[in-house]
Amino acid sequence: KDPPLQTFLSPGYKKKEIDLLKLSRFDWHGTRNLILSKLPSNRFPDEFFSFVQERTAGNPHFVMEVLKYLLEKNVVSLEDSLWMVDLNWLKKTTIPDSIESVLTENLKGYSVQILDLLGIAAVIGKRFSFDLIGKLSSFDCDKTSEILTMLTDQQLLVRKDDPVDGERYYAFANQSLQAILYRRLKKNERILWHKKIGDLLE
């Protein structure tokens with residue numbers, strides 16, 4: 001991922017984003033404020049906020065995924081420490097019409113191997129431990145840890161501590177993402193992974 005996208009996904013923004021995503025749908029002003037909270041130093045015209053508002057209907061999570069999508073496509077970019085939008089490219093850009101579609105499009109930036117790892121995690125369920133995913137991963141322990149850290153930094157996954165036993169675990173940041181990755185697997189692959197997971201958990 002390029003530096004502007006890393007800036008967008010930096011840990012300093014995560015608390016703000018989590019708080020904002022607890023809210024209901026935004027009106028135009030709410031959508032504008034969400035965008036400004038993520039990309040504060042900018043020269044965005046009102047036309048840009050209207051574009052995002054109209055295509056997301058103010059759904060906060062959809063807004064976030066559309067911003068990631070526009071960053072990936074370089075429609076929004078960082079120039080001289082200011083976020084800018086190319087309105088000509090924006091008008092020519094087709095935005096997927098659902099959260100699921102945007103998530104699917106954003107996943108195209110990852111290698112098959114990383115998608116396979118995410119697919120295994122999706123089969124495990126809503127949460128998974130490093131120990132379990134490590135035993136199922138095709139990567140060695142260090143590489144698996146590196147990938148999970150990257151996916152956490154890029155907000156595909158979240159890392160939490162169990163309030164009861166304190167055990168650290170990972171979970172998908174979005175349930176739609178887990179469903180997409182699960183559906184990506186063929187039926188026989190799902191059956192195989194369910195069996196392997198079941199054997200390890202016995």
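Phenylalanine 44 counts as buried, at 9% relative accessibility. The model is predicted. In it, a search of the whole structure finds 6 aromatic pairs. One of them joins phenylalanine 44 and phenylalanine 48: the ring centres lie 4.6 Å apart and the planes meet at 40 degrees, so the pair is tilted. Phenylalanine 48 has a relative accessible area of 0% and is buried. The ring of phenylalanine 48 also pairs with that of phenylalanine 49, with centres 5.9 Å apart and planes at 55 degrees, so this pair is tilted too. Both of these residues, phenylalanine 48 and phenylalanine 49, are buried.

Lysine 92 lies over the face of tryptophan 89, 5.6 Å from the ring centre. The charged end of lysine 196 sits over the ring of tryptophan 193, at 4.7 Å from its centre.

Next come the salt bridges. The whole structure holds 11. Aspartate 116 pairs with arginine 184, with the closest N and O atoms 3.3 Å apart. Aspartate 116 belongs to helix H8 (residues 112–124) and arginine 184 to helix H11 (residues 175–184), so the bridge ties together parts that are 68 residues apart in sequence. Aspartate 116 is partly exposed at 35% relative accessibility. Arginine 184 is partly exposed at 38%.

Another bridge links aspartate 131 and lysine 135, at 3.3 Å from N to O. The two residues are 4 apart in helix H9 (residues 130–136), which means about one helical turn separates them. Lysine 135 is exposed, at 54% relative accessibility. Elsewhere, salt bridges with shared partners join Lys73, Glu105 and Lys108 into one network.

Terms used:
Residues numbered from 1 in each chain as written. Predicted model: local features only at pLDDT ≥ 70, side-chain atom pairs only at ≥ 80, totals over all residues. Heavy atoms only, no water. Phe/Tyr/Trp six-rings, centres within 6.5 Å; stacked < 30°, edge-to-face > 60°. Buried < 20%, exposed > 50% of the residue type's maximum accessible area, 1.4 Å probe, protein only. Lys NZ or Arg CZ within 6 Å of the ring centre and 35° of its normal. Salt bridge = Lys/Arg side-chain N within 4 Å of Asp/Glu carboxyl O.
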